[in-house]
Amino acid sequence: MAAEEVTLSSHIQHHLTNAKMCSTDAGLAFNKACADSGFWTWNIDTLAWSIGLGLVFLWIFRSAAKKANTGVPGKFQCFIEMIVEFVGDNVRDTYHGKSSLIAPLALTIFVWVFLMNLMDLIPVDFLPAFAGFVGEQAFGMDSHDVYMKIVPTTDINMTAALAIGVFILMIGYAIKIKGIGGFLAELTLHPFSSKNKLMMVFLIPCNLLLETIALVAKPFSLALRLFGNLYAGELIFILIGAVGLMQLPLHFIWAAFHILVIVLQAFVFMMLTIVYLSMASSDNH
Amino acid sequence: MNLTATLIGELIAFTVFVLFCMKYVWPPLNGAIEARQKKIEDGLAASDRAEKDLELAQKKAAEQLKEAKAQAADIIEQAKKRATLIVDEETVRGQQEREKIIAQGHSEIEAERNRVTEELRKKVATLAVVGAEKILEREINQAAHSDIVEKLVAEL
């Protein structure tokens, strides 16, 4: 099947590599041909799985929304409304301004991230092996050259995109609520302030440095927390998958534990998004 | 593990998903939930009100029942009184009637006796006349005179 010898480290490496696509001088290229394509590389497995799961989320919730009425809800309706109410309660408790964006944003993040994390519970070899089989049979590729990373949140691009989206909203809300002057004042006049004008001028760069770090740390922490948790979890699943028969109880224990991580990380990402946006829209620093 | 253009793709997808959710998913679901909550709240309030109404109606019914009972007792009492009154009246009237009838009987008997006495008197007179005639006849028969008178006397 595989032309080159499969070692443990190459097996793991294979699992941790995205399916890539890039355009070269000779047209579209894939995987190893994209080794030096730099920024303009598309991780097609991440894109396909995340967008597919996003569409699953929208389809499920849209079908519930279409059926929504004030009568007695069915079980499916109840389940969906339970999630909506859970997210809505969290938003109401944390975000005190008026915004029609925060709640749908939080819902999207929660369910989408949860679904993407959930892919981690599918045994690690199933889909990559299936993709390799299809690649070999249908396209005549070496199955070892077919890459398939099915958990989009183990790709830093995915989590960074979410974090950047939230970051843009944070800045947008801060400017919208406090005005551009208020936003800049927040960045420059805290935490050190002085009544002396000369002293203040001296303090502004210090404040700017501190506040900018504090501001930028938020999306970094968002992106890296989710990525780190899921990447580590995935890595341990891959390692467990490589230890032979012993993997059965080990996989069960780790998967059971990972269910917690999956829900918790989705919830944490949602909560922090709400908290950051709430901080960005509240006037008192 | 480098940041690549995937980031841009995901950012666009994220934006589109959030916008779709904001337009077509959140408002109907949240609206339905809130409307249902309102409906349940109203229903509970209505049931509370109905309960209170029922309590009030029951109290009122009990009151009316009590009143009706009292009225009925009153009416029965009155009827009893009236009945006694009527019985008394009738008794008195019967008594009077009886006395009247008895008195009438007495007077009738009296009248009859009077009439019989009168008749007897008349008969006595006639007898006297007849006796006198007989005595006159006896003028011829001296001997017979005295025993006729005696006879008359005995007849009286």
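Of the 285 residues of chain A, 45% count as buried; buried means under 20% relative accessible area, exposed means over 50%, and partly exposed lies in between, using a 1.4 Å probe and protein chains only. This is a predicted model, in which local features need pLDDT of at least 70 and side-chain atom pairs count only at pLDDT 80 or more, while totals for chains, interfaces and linings use all residues. Residues are numbered from 1 along each chain as its sequence is written, chains are lettered from A and ligands numbered from 1 in the order in which they are written, and side-chain values use heavy atoms, with hydrogens and water left out.

## Chain A as a whole

Let's start with the overall layout. Chain A has 8 helices and 3 strands. Both kinds of element are DSSP runs numbered from the N terminus: helices are H or I with at least four residues, and strands are E with at least two. The C-alpha trace of chain A spans about 75 × 55 × 40 Å along its principal axes.

Contacts tell you how the chain folds back on itself. A contact means heavy atoms within 4.5 Å. In chain A, 69% of the contacts with a separation of 6 or more are between residues 24 or more positions apart.

## The nonpolar cores

A nonpolar core is a set of buried Ala, Val, Leu, Ile, Met, Phe, Trp, Tyr and Cys residues joined through side-chain atoms within 4.5 Å. The largest one has 63 residues, and the members that touch the most others are A:Phe61, A:Leu107, A:Trp112, A:Leu162 and B:Leu29. At least two residues each come from helix 2 (44-67), helix 3 (75-94), helix 4 (102-118), helix 6 (156-188), helix 7 (197-241) and helix 8 (247-281) of chain A, and from helix 1 (6-137) of chain B. Helix 4 of chain A gives the largest share of this core, 12 residues. A second, separate core has 11 residues, including A:Leu16, A:Val124, A:Phe237 and A:Ile240.

What does A:Leu162 contact, leaving aside its neighbours within four places in sequence? Its partners are A:Trp112, A:Val113, A:Met116, A:Leu226, A:Phe269 and B:Phe14.

## How the helices pack

Two packed helices are described by the angle between their axes and the distance between the axes. Axes here are lines fitted to C-alpha atoms, for helices over the stretch in contact, and angles run from 0 to 180 degrees between N-to-C directions.

| Helix pair | Axes come within | Crossing angle |
|---|---|---|
| Helix 6 of chain A and helix 7 of chain A | 8 Å | roughly 155° |
| Helix 6 of chain A and helix 1 of chain B | 8 Å | roughly 50° |
| Helix 3 of chain A and helix 8 of chain A | 10 Å | roughly 30° |

Angles under 35 degrees count as roughly parallel, over 145 as roughly antiparallel, 65 to 115 as roughly perpendicular and the rest as oblique. Helix 3 and helix 8 of chain A are therefore roughly parallel to each other, whereas helix 6 of chain A and helix 1 of chain B are oblique.

Helix 6 of chain A crosses helix 7 of chain A in a right-handed way. The residues of their contact divide into 20 nonpolar, 4 polar and 3 charged. In this grouping, Ala, Val, Leu, Ile, Met, Phe, Trp, Tyr, Cys and Pro count as nonpolar, Asp, Glu, Lys and Arg as charged, and the others, Gly among them, as polar.

The crossing of helix 6 of chain A with helix 1 of chain B is right-handed. Among the residues that meet there are A:Ala161 and A:Leu162 from helix 6 of chain A, and B:Leu11 and B:Phe14 from helix 1 of chain B. This contact has 9 nonpolar, 3 polar and 1 charged residues.

Helix 3 of chain A also passes helix 8 of chain A in a right-handed crossing. Their contact contains 8 nonpolar, 3 polar and no charged residues.

A:Ile83 is in helix 3 of chain A. Is A:Ile83 buried or exposed? It counts as buried, because its relative accessibility is 16%. A:Ile83 touches A:Phe61, A:Leu107, A:Phe110 and A:Val111, not counting residues up to four places away in sequence.

A:Trp40 sits in the loop between strand 2 (27-30) and strand 3 (41-43) of chain A, and at 52% relative accessibility it counts as exposed.

B:Arg49 belongs to helix 1 of chain B. In space, B:Arg49 and B:Glu133 are 123 Å apart, C-alpha to C-alpha, and in sequence they are 84 residues apart.

Technical notes:
Left-handed = near helix turned anticlockwise from the far one by under 90°.
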